[in-house]
Amino acid sequence: MYDITNPERISKVDIAVFIPSYNEAENIGLVVKKAAAGLKKFYPEAATVVVNCDNNSTDGTKEAFFDAECEVPRIYVSTSPGFRGKGGNLRNAFALADQLSAKAVALLDANLISVKTTWIKSLVEPILGGGAEYVTPRYVRHKYDTPLTRGLVYPMMRALFGRRVFQPICVYHAFSGRVNRIFHEAVWADDDRGYKSDLKMLSLVVMSQIPICQSFMAYPRISTVGKLDLDLGKAFNHTVRALFELMIDTADFWKKVKRSRPTILAGAGESPMNPAPLVEVDRAGLMESFLDLGEGAKKPWGKYLSPKPKLELTAL
């Protein structure tokens, strides 16, 4: 931890909410406000803290974090200047949560627009109630939302690790102090942008036979648009790379998996509070991208494929 600011000298807590960030001065204030309000409303007797784990932002994220409306103590911790990657933020979060002896730890993204105070309870309550030690969210989603998660990551993780967790890639988790110690002892990639760490956390939990729970969030997840959100091809490459690197690291486990089993859903009886935002599909743009990709792949096809399958692919 390069820079740590702990104005109230907090040394021990029951619940810690961590917000990883890099240059999120415009957005982090809302997340801090909602997280603190949720902690104060649902756990008024507990010792709580909101922590910003930052990549030494240059846009005033630290100042925005401390300027935000917040009813609970705050701590700011940063990686060294020039360091980029979620891996460093997570290492700081796990280390600090361990130092604070937190019984429950939650992670929230700094660019959430739709964050609600109730999300704190949805994530943390299964941990404190003893029903689970690792919680992932289930949002209200449009059927065309998160195509990589629905069409690639979920089925791959289900097949590899034998658990049906519908949101394996997410920045919003909660876990117990015991699970935090498992994460703290693990090695996290410096160049991670989120995909590797999310998948690795789930794999570690499954392989350690930790009780897992999904929690219904009642509201759709809406966040600011990032660079990868606008470049599906690059996001696909990052995701596939993360999946295959995870397969290499965990081959001894998944080779023995024969079937998958469901994961309990907390809050299953609740009704959605807001409909999922409409997803506009640019069919013409998708077709154009598909054709451009095919043109660009003709040369590799000629290198690796025999004439017959190459001809069949070209005809498509």
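**Group meeting: a sheet and its helices**

Good morning. I begin with helix H4 (residues 118–128), whose buried residues are Trp 119, Ile 120, Ser 122, Leu 123, Val 124, Pro 126 and Ile 127. Buried means under 20% relative accessible area, exposed means over 50%, and partly exposed lies in between, with a 1.4 Å probe and protein chains only. Helices (H or I, at least four residues) and strands (E, at least two) are DSSP runs, numbered from the N terminus. Just after H4, Gly 130 takes a positive phi of about 85°.

The model is predicted: local features need pLDDT of at least 70, side-chain atom pairs count only at pLDDT 80 or more, and totals for chains, interfaces and linings use all residues. Residues are numbered from 1 along each chain as its sequence is written, and side-chain values use heavy atoms, leaving out hydrogens and water.

Let us turn to the whole protein. Its secondary structure comes to eleven helices and eleven strands, and 47% of its 316 residues count as buried.

Next, the sheet. Nine strands form an open sheet with mixed pairing, in the order E1-E4-E3-E2-E5-E8-E6-E9-E11. Strands E1 (3–5) and E11 (265–266) stand at the edges, each with a single partner strand, so one side of each is left without a neighbour in the sheet. Two strands pair if DSSP finds at least two bridges between them.

Strand E3 (residues 48–54) pairs with strand E4 (residues 74–78) in the parallel sense over five bridges; there, Val 50 has Arg 74 in E4 as its bridge partner. E2 and E3 also run parallel, joined by seven bridges, and Ile 19 stands opposite Asn 52 in E3.

How many of the residues of E3 are buried? Seven of its seven residues are. Thr 48, Val 50, Asn 52 and Asp 54 point one way from E3, while Val 49, Val 51 and Cys 53 point the other way.

Helix H6 (residues 177–185) lies across strands E5 (104–107), E6 (134–138) and E8 (173–176), running at about 100° to E8. Axes are lines fitted to C-alpha atoms, for helices over the stretch in contact, and angles run from 0 to 180 degrees between N-to-C directions.

Leu 291 is partly exposed, with a relative accessible area of 47%.

How values were computed
Contact means heavy atoms within 4.5 Å.
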